[in-house]
Amino acid sequence: MRRAAERWSAMAADSALLLSLVEEFVSGLQDSKAQDAAKGVRDGHFTVLQLVEALGLSLTSSEPQTRARGVQLLSDVLQEDSAALSQREVEVLIAFYENRLKDNYVVTPPVLRGLLALTRCAALPPGSAVSMLRSLFQDVHVQSLMIAERACVYNMLINLMDTREAELKSLGADFVFGFVQSMDGERDPRNLLLAFQIARNIVVRGYDLGKFTEELFEVTSCYFPIDFTPPPNDPHGITKEELVQALRAVLAGTPKFAEFLFPLLIEKLDSDVQSAKLDALQTLNAFLSRCEHTDTAEFLQGLWSSLRREVFQTSSEKIESAALAALTALTSCLSRSVLSSDSEDVLGHFLEVVLKDCEHHLREPDLKLVWPSAKLLQACSGASYRASRVIAASVLPALTEQYSSKTQCSQRRTLLEVLQRFVQSVKSSRSTEDDDGVLSAHRADLCGVAFAALSESNASLQVTAAALLASLARQTGLLLEADVRLAVDHLTRLLLTEDDDRVSAAVVECAGVLAELHPAAFATRLIPRLKEEVFSDASQQHSHHAVRRRCLSALAAVSTQPSVVQESTPVLLQVLKSALTGGVSLEEAVLACRSLQRIAARVQDTEEAGTCFHDVIIPRLLSLALQAALQEEDSSGRGGALVQEDFLSAVVPVISTSCSRLQPTLAARTASRAVSLFLDGDVSCLPENSFPPRLQLLQAEEVSWRRSQLVCLLMGCVCALPRGVELPRTDELLSRLEEMSCTCRHPLSYTAAAKCFAGLVNKSAEGGALDGVIQRVRARICRELDSSSSPLRTQAFTLLVWVSKALLLRYHPLSTGLTDQLFSLLDDAHLGAAAADGFLLLMSDSPDVLNRGCHADVRIMYRQRFFSENSAKLVQGFNAAPQEKKPNYLKALSNIVNTLPQQVQVTELPALLSLLLEALTCPDQGVQLSTLSCLEPVIASPPPVLLQQLEAVVGRLLALVCSPAMNVRMSSLRCVRALSLLPAHQVQDSPEQLSGSLKLIRNECRCFQVLPFRARVLRALAPPLDDRKRLVRQEAVQARGEW
């Protein structure tokens, strides 16, 4: 009895609490009580139906506002917690809300929010979706509601379409009609996105449109084309492109719109508004992918006329490209028609019309309209194999005949370019196995034209012919072996005889295409001829040096297949060997290395290629470098080509690129060889081994700089290996590298040692061992840097920067201590400027180590993270620094900010604007340029703080328009121009589209912002108008025109 009494007492208390909450919400207008009521339902103190009972007096009140508050409380509770409702409870609530839809208009908003909450319930009873929508469509005029309530209706429909699609489809066309009535007249862009989503679901998911197809089209197409300009700082972030894509998905969603959409698009193509034309063409392209040829039959002539006009009379490349893409889509649509004995060849008839309108332009003597006609024909040809055959059969003979009859080089070049584009556009798929392809019947004529043009003396013809030959080679199975051999001979001749850079580049590119498809011909014909030329006796002639450079470039271009690589790389290695005796200049040795690097990056990733680099190329490069160093030590100290920093800097990418692509087994063996060579002096892996045993390479104090600088080659070997490859003797290697980087006096040696150390640290496994290495190195760096008289401070600083970068990239927790040390050096009298430059190295990509190509551990957004964690330190340091040290902080800030993505700059820079303006007064032109590049996007989307400092911004920028540095002058002029385009911030636009009067007011407000500076700016822009540099004058004219 006592438990029952306690239970009744608790129930009474809950009932009293519920009544109190209802009273305070409804009469006391305390909206926070809705949260308390929702919590009571969640905690089980009372149910939703009990809440409805407690609201009885409120819901039956004669005052509409009281009834509305009662419904609002119920709806707020349901929005917080409706998932636990039973099916019976949902059924009762739906009946209640449907009845309330007939109530006063002030009750409707909370009713809609309650119904929206119920549409999310998993326990929604069968048939309730139909019931809700019937009541909604019958009792509510949606467009008379406010924006938020209309959004409720649209979201209800979206929820029900996702969960109760079958029930909605049972309504048939009534559902479509109800939606059309609900959407008709919608203007809010947020709601339009929702309405377009519903309309797309209707047309794509197969809802019955019935007799309301045209109504659905009309209610959506009235927004086409979208003309929307989002207000400044729009919190909703809706863009014109979002609305365009959403509407296009509706209009292009079903072929049932064909009879309505095609006339609309043709009408918009006649418009003078460029954006409307572009939107119409892109929509047409999307729509044609869903259409059958029968849908287009009635509108073919109108579509063709409009598309032809846009290409023949276009004033915009975008519109021309969109028109050609739409023509391709139209031809592809017609190509899907199935031919039978009693059917009409729709594609054939259409192509006849196209050929009739275009083909005669290809035969005109002056060739005025040859390009527009050719583009139209190429667009049709690229649509399908059937279209390619028809177009090629009519056009290619005419073009080859024209080429033979013309004598002017300009006309012949034009015809060659047209031919090349046609070959590119041809579909290569075959209709049957017996079909030889579209171009097979024209192979002899096309090859004859290409080879004849290659034999001409005109450079433009040779360049275009090389492009045509490459396009022919890409057509599978088109060229015969004899054609390939003849092509190789022509390309070889041009490489060796033509000095024009354009011809050389075109020939090398063409050779690369052919060699990938026909490697045998190049391995047996081209490479032996190039080798002969490279090592001929005419080495002292200036023209021969140019030929040799072209040969080296060609060897790299053709070496994509392992069989060619095995023939080309020995030639390049022999070039490097010749440099030991002075037979090849430093420049040519560097070019040979770059060719090897290109081969390493482009060759197919096969075991054969990996073995070639592991067994031949990498050992030979190490051997040549070591041999050169030893020869120089034995001689009088004169620097040979292979001991120069330029050469070693070119060798490192060859080795690192090769090692980064090695298979795991070969990579492990390469690592072992490199470690043994540099730690033990084990030269047994090197070819032509005539080296003294037990060479010392990592002993900084005992080794000459010629040998110590070879540590950069070690970096290439071990720092580019995949992270899964285990490096032997890592601790010993790190110790020796640390010692060299801190004690060696040769800049290249200690820098390369620091980079190698950092590369290994970046890939080392987490744990106490790594932490111990970092702490040991940090202590050593601090000792050297704290001693102002130490002669090794620069070495310690170099190691500090590279280790900081290695740890920063991988988010290591100990990186903060090192970067803080770098910040402290900004006040250093000797290293302050170098520390500021160190932040650029810290934030930028390194080409030879600590990059993703070398498999370094690089975390995403590490720059943003570093900036957010350290920007306050920069500001504090700048404020506390003496005046003579402030430029270091400004330069560091500029170096950090300039590497951030533009979106981050726009978001974060307002807080640092005062420092950026100060940086514009810094005498360092690099700081000025990087700061200007940061400011330009900020000015385009200005934060309020920039508008408050407009006087300072204008003054700083105008002071730089006459800077001694051309790039600074140009960048400052761009910023001055951007200031004239400042958007308005005083006028708060509504989410609706701006009317003409509002737009006028907004433009006037913009003028009021910048008008006080107009006369001052115009005076300052006068000198740049007479600048000695044309590019500066162009920027000044544009800026002055805006002002």
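Trainee: What should I know about numbering and pLDDT before we start?
Mentor: Residues are numbered from 1 along each chain as its sequence is written, and side-chain values use heavy atoms, with hydrogens and water left out. As this is a predicted model, totals for chains, interfaces and linings use all residues, side-chain atom pairs count only at pLDDT 80 or more, and local features need pLDDT of at least 70.

Trainee: How many salt bridges are there?
Mentor: Side chains of opposite charge can pair when their charged atoms come close. A salt bridge here is a side-chain nitrogen of Lys or Arg within 4 Å of a carboxyl oxygen of Asp or Glu. By this rule the count is 47.

Trainee: How many residues apart in sequence are the parts tied together by D848 and K755?
Mentor: The side chains of D848 and K755 form a salt bridge of 2.6 Å, N to O. Helices are DSSP runs of H or I with at least four residues, strands are runs of E with at least two, and both are numbered from the N terminus. D848 sits in the loop between helix 42 (832–843) and helix 43 (862–880) and K755 in helix 38 (residues 747–763), so the pair ties together parts whose separation in sequence is 93 residues.

Trainee: What is the relative accessible area of K755?
Mentor: Let's look at both partners. D848 counts as buried at 17% relative accessibility. K755 is buried too, and its relative accessible area is 13%.

Trainee: Which helix gives the most to the negative patch?
Mentor: Patches are made of residues with over 30% relative accessible area and no salt bridge; like charges are joined within 9 Å, and nonpolar side chains (Val, Leu, Ile, Met, Phe, Trp, Tyr) within 5 Å. The negative surface patch is formed by E214, E215, E218, E259 and E298. One of these, E218, is partly exposed at 41% and is found in helix 13. With 3 residues, the top contributor is helix 13 (residues 213–221).

Trainee: How far apart in space are I238 and P189, C-alpha to C-alpha?
Mentor: I238 lies in the loop between helix 13 and helix 14 (240–251), and I238 is buried at 8%. Contact means heavy atoms within 4.5 Å; leaving aside neighbours within four places in sequence, I238 contacts P189, R190, L193, F228, P230 and L243. I238 and P189 are 49 residues apart in sequence, while their C-alpha separation in space is 7.4 Å.

Trainee: Which residues does H442 contact, leaving aside its neighbours within four places in sequence?
Mentor: H442 is in the loop between helix 23 (409–425) and helix 24 (443–454). H442 is buried, with a relative accessible area of 13%. With those neighbours left aside, the contacts of H442 are A392, A393, L396 and P397.

Trainee: How many residues of helix 36 are buried?
Mentor: Helix 36 covers residues 711–718 and is mostly covered. Among its buried residues are V711, L714 and V718. The count of buried residues in helix 36 is 8 of 8.

Notes:
Areas by Shrake-Rupley, 256 points an atom, 1.4 Å probe, with all protein chains shown as cover. Lys, Arg positive; Asp, Glu negative; His and termini not counted. Charge placed at Lys NZ, Arg CZ, Asp CG, Glu CD. Buried < 20%, exposed > 50% of the residue type's maximum accessible area, 1.4 Å probe, protein only.
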